[in-house]
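Please walk me through this structure. Keep it brisk, and give the cut-offs as you go.

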Amino acid sequence: MTPGLPRAIGSKGSDLASTDSAHRAEPTRRDFLYIATGAAAAVGAVAVAWPLIDQMNPDAAALALATTDVDISTVAPGASVTVKWRGKPVFIRNRTPEEIEAAKAVPLADLPDQNSRNENAPTATADDSNRAAAGKENWLIMVGICTHLGCVPLGQHGPFGGWFCPCHGSAYDTAGRIRQGPAPENLHVPKYEFVSDTQIRIG
Amino acid sequence: MAGTSTYQPKSGFAKWFEARLPIVGLVHSSFVVYPTPRNLNYWWTFGAILSVMLGVQIITGVVLAMHYTPHATLAMGSVEHIMRDVNYGWLLRYLHANGASMFFVAVYVHILRGMYYGSYKEPREVLWILGVIIFLLMMATAFMGYVLPWGQMSFWGATVITNLFSAIPLVGESITTWLWGGFAIDNPTLNRFFSLHYLLPFMIAGVVILHIWALHVSGQNNPTGIDIKSKDDTVPFTPHATIKDSFGIICFFIFFAWFVFFLPNYLGHPDNYIPADPLKTPAHIVPEWYFLPFYAILRAIPSKLGGVIAMFSSIAILIFIPWLDTSRVRSATYRPLYRQFFWIFVATGIGLGYLGSQPPEGIYVIAGRILTFYYFAHFLLVMPLIGILERPKSVPSSITEAVLAKTRSGHGAAESKA
Ligand code: HEM
Ligand code: FES
């Protein structure tokens, strides 16, 4: 490269001078080549950058842990379990009749977030029936992560008898819907199904 | 200043070398004969203190990395191994952990020094902005470092901070997933944070070089804020600034050592000795003390996106102060009104820091909102308006005149010499 370098610079310099008048007239073959080279280099740079960026996304092993099976036969009414799914806590609560009652009594208009946030009923409203398990309204299954900045709310705490987040004071009701505080959304309901009456599969 | 080198290589080798790489001449012109204002006070030693602290963090960090394991199940064990088994491991870790705090003590003093004496004003805008970039990189570095021991505060601090990005509309969720390398903070997150924690200090070092370069182009500001007008206004960097900086560094090291040897865990949080548990958030999570004012601003706004915007703006606004300050006089020494507001601003910052450490309830929330409002008002209202309304005191015609006036009036003789 070194011996060629001065010559390349020299020839480029003289070319620029000699094509200067031609430039004003109309684009030359050389202009086209410059632009085409630049465009190819830009596409190449993006193509090289993408693997460097995408390597940070979840890898195949993380994606493989997509489902978790849970036995819920031992969860009595008024009790809950927390299980780990994709590294996140999932709350499984067997709600008491009073809790269900309280959740149903809330008019939709009182809710800051009126979307069900339920992956099993994505476009539905945040009525209690769209939050609880279909046909098994005592079961409430939610990702236990505050929709504000990701802390794990405490169960059966706070002004609405549901969940309360100690980090910045978001309060959720007995259907896991946001009622007060900085969190913008209801606790998310993940995709799940009842494999049998006592077994659910999350994910 | 660049291009004024008076370095004369003496030996044959030095001449041979200088003709090929004039680095000795560069150092000579930048740190030996470099003309420094003769009236610099001890607030000007913090730049040197910061440079040394960066060195301390890099040296202790590189040796800690020889014993530390960036893995979710092994990290805390390896930190305890450093504390108990590694020769002098306890010392190295306490130096590094407290060194981070000292680094921030020094940077806050350094930034406030700049705000008091108007060091951000024309022609030092780029120098100032490079400083803000260093500050941002420092925050990122310290944040990721604090994640490495993988204790409860590490884990939940990382959760809250990375979730800030989820407030961005539409792409927020993809960004957090990308940052985590999973669907929650986990081993991939720890692993990449370690890689970046190792990298960023060297990027800081690079920006520090630009920062000092820009400084040596515009020249140092000084307590009077007046430009250097004659050779009488300056003294050579060596020995004057070199010795004064060294003395400042030694005093600062005594303060640093006091924490390392007598209060090594005072600035940390006991919960960070509890191993990270992704299923349980500690009852009261707080960031490291140096982030508390910004954390208070985040919590003051009762909306997720709003809080995040306010927090980032509270730092970004520093970039704009060269243009928000409308005063023609640089130094607060000659600005009787601004000087008072400066101290009110300092008190606001400390107040926000206190509120950031308290639970987000009742009176703390209200106070947090008032102080957040005032924090922004200082930059957006006070700075532009005072510059117009205030009548500055008469400014001396030169640095030398200011120094002599001070010496004649019988005090500050020591301060005015170097
Ligand atoms: C800008 C400079 C730096 C700052 C502000 C900084 C800050 C921190 C902080 C706050 C911690 C947590 C300490 C604790 O509570 O245990 C930490 C840990 C750590 N840092 Fe740094 N650091 C810096 C540079 C470096 C460098 C250059 C390395 C080189 C690899 C490094 C390696 C480590 C390691 C291995 C740990 C984990 C061990 C431990 O927790 O004590 N750091 N850092
Ligand atoms: S993370 Fe729950 S309120 Fe902020």
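What is the torsion about the S-S bond of A:Cys151 and A:Cys167, and is the disulfide left-handed or right-handed? The torsion is about -95°, so the disulfide is left-handed. A:Cys151 lies in the loop between strand E4 (139-143) and strand E5 (154-155) of chain A, and A:Cys167 in the loop between strand E6 (163-164) and strand E7 (171-172), so the pair ties together parts that are 16 residues apart in sequence. Helices (H or I, at least four residues) and strands (E, at least two) are DSSP runs, numbered from the N terminus.

This is a predicted model, in which local features need pLDDT of at least 70, side-chain atom pairs count only at pLDDT 80 or more, and totals for chains, interfaces and linings use all residues. Residues are numbered from 1 along each chain as its sequence is written, chains are lettered from A and ligands numbered from 1 in the order in which they are written, and side-chain values use heavy atoms, with hydrogens and water left out.

Back to the sulfur atoms. A search of the whole structure gives 1 disulfide over all chains, a disulfide being a pair of cysteine sulfur atoms within 2.5 Å. The S to S distance between A:Cys151 and A:Cys167 is 2.0 Å. Both cysteines are buried. Buried means under 20% relative accessible area, exposed over 50%, and partly exposed in between (1.4 Å probe, protein chains only). A:Cys146 is buried too, at 3%. B:Cys251 is partly exposed, at 37%.

Next, the core. The largest nonpolar core has 127 residues. Such a core is a set of buried Ala, Val, Leu, Ile, Met, Phe, Trp, Tyr and Cys residues joined through side-chain atoms within 4.5 Å. Those with the most contacts inside this core are A:Ile92, A:Ile202, B:Met115, B:Phe135 and B:Phe379. Helix H6 (residues 125-147) of chain B gives the largest share, 14 residues. Look at A:Ile92. Leaving out residues up to four places away in sequence, A:Ile92 touches, among others, A:Val70, A:Trp139, A:Ile200 and A:Ile202. Contact here means heavy atoms within 4.5 Å.

Now the voids. The structure holds 3 cavities of 30 Å³ or more. A cavity is a set of points, on a 1 Å grid over the protein atoms alone, where a 1.4 Å probe fits but cannot get out; lining residues have an atom within 4 Å of a point. The largest cavity has a volume of about 70 Å³. Its lining includes B:Arg299, B:Leu355, B:Tyr364 and B:Gly368. Helix H11 (292-300) and helix H15 (362-389) of chain B each supply at least two lining residues.

Finally, the backbone. The peptide bond from B:Glu122 to B:Pro123 is cis, with omega near 5°. B:Pro123 sits in the loop between helix H5 (89-117) and H6 of chain B. B:Pro239 lies in helix H10 (residues 237-262) of chain B.

For A:Arg86, phi is near 50°. A:Arg86 is in the loop between strand E2 (80-85) and strand E3 (88-94) of chain A, and is partly exposed at 26%. For B:Tyr88, phi is near 60°. B:Tyr88 is in the loop between helix H4 (75-84) and H5 of chain B, and counts as exposed at 59%.

Definitions and conventions:
On a 1 Å grid over the protein atoms alone, a cavity is a set of points where a 1.4 Å probe fits but cannot get out, and a pocket is an open set with protein on both sides within 12 Å along at least five of seven lines; lining residues have an atom within 4 Å of a point. Grid points are joined across faces, edges and corners, and a volume is the space filled by probe spheres set on the points.
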